[in-house]
Amino acid sequence: MLDDLDIAILKKLQENGRTKRSELAELIGLSLPSLSERLKKLEEHGIIEGYYAKLNRHVFGYDIMAFIIVMMDSSKNYEKLAEHVKKTPEILECYAVLGEGSHILKAIVKDTKSLEQLLNKIQSWPGVTRTVTNFILSTIKETTSINL
């Protein structure tokens, strides 16, 4: 499915997603049209899911990051939880998990008052019986790059 050129393209884009196509084509050893066609196919096949800028949350006053474990009474409210999560901008990520809880949420808020308000909101959602919150003190590693 993927050849060595595709892997090289993906590695370079993971290193720097802002690499210009002309520069990327030169680094990989392809013509610009050939590179563009490969990128188009990688996007169409869902291998490249998107491009984005990673912002410094502190610049915008989001000083608290937390992982919130959500316990639910049953799976019948799963869809409602998903709807609420999608509408809540403080929640950056949501994972359905096995183990303790049914979901883990990654959230950012500006202060403890905002966190309390977010937790009250989550705890009011249908089926949510309990939450456990873990504050992030510092980040040792955070990446979106995968080993190719």
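UniProt positions are given in the numbering used here, feature names are shortened, and annotations may be inferred rather than shown by experiment. With that understood, an unreviewed UniProt entry lists residues 2-63 as "domain: HTH asnC-type". The structure is a predicted model, in which local features need pLDDT of at least 70, side-chain atom pairs count only at pLDDT 80 or more, and totals for chains, interfaces and linings use all residues. Residues are numbered from 1 along each chain as its sequence is written, and side-chain values use heavy atoms, with hydrogens and water left out.

**The annotated stretch**

- Residues 2-63 are 53% helix and 0% strand; helices (H or I, at least four residues) and strands (E, at least two) are DSSP runs, numbered from the N terminus.

**Helix packing**

- Two packed helices are described by the angle between their axes and the distance between the axes.
- Axes are lines fitted to C-alpha atoms, for helices over the stretch in contact, and angles run from 0 to 180 degrees between N-to-C directions.
- The axes of helix H2 (residues 21-28) and helix H3 (residues 32-44) cross at roughly 100° and come within 9 Å.
- H2 and H3 are therefore roughly perpendicular to each other; angles under 35 degrees count as roughly parallel, over 145 as roughly antiparallel, 65 to 115 as roughly perpendicular and the rest as oblique.
- Arg21, Ser22, Leu24 and Ala25 of H2 meet Leu32, Leu35, Ser36, Leu39 and Glu43 of H3, where contact means heavy atoms within 4.5 Å.
- By class, the contact of H2 with H3 has five nonpolar, two polar and two charged residues; Ala, Val, Leu, Ile, Met, Phe, Trp, Tyr, Cys and Pro count as nonpolar, Asp, Glu, Lys and Arg as charged, and the others, Gly among them, as polar.
- Helix H1 (residues 4-15) packs with H3 at an angle of about 80°, and their axes are 11 Å apart.
- H1 and H3 are therefore also roughly perpendicular to each other.
- Leu5, Asp6, Ile9, Leu10 and Leu13 of H1 make this contact with Leu35, Arg38, Leu39 and Leu42 of H3.
- The contact of H1 with H3 has seven nonpolar, no polar and two charged residues.

**Leu32 in helix H3**

- Leu32 is found in helix H3 and counts as partly exposed because its relative accessibility is 40%.
- Buried means under 20% relative accessible area, exposed over 50%, and partly exposed in between (1.4 Å probe, protein chains only).
- Leaving aside neighbours within four places in sequence, Leu32 is in contact with Arg21, Ser22 and Ala25.
- Leu32 and Ile104 are 72 residues apart along the chain, and their C-alpha atoms are separated by 42 Å.

- His103 is in strand E3 (residues 103-109) and counts as buried, at 4% relative accessibility.
- Gly101 is in the loop between strand E2 (91-96) and E3.
- Gly101 and Ile69 are 32 residues apart in sequence and 5.8 Å apart in space, C-alpha to C-alpha.
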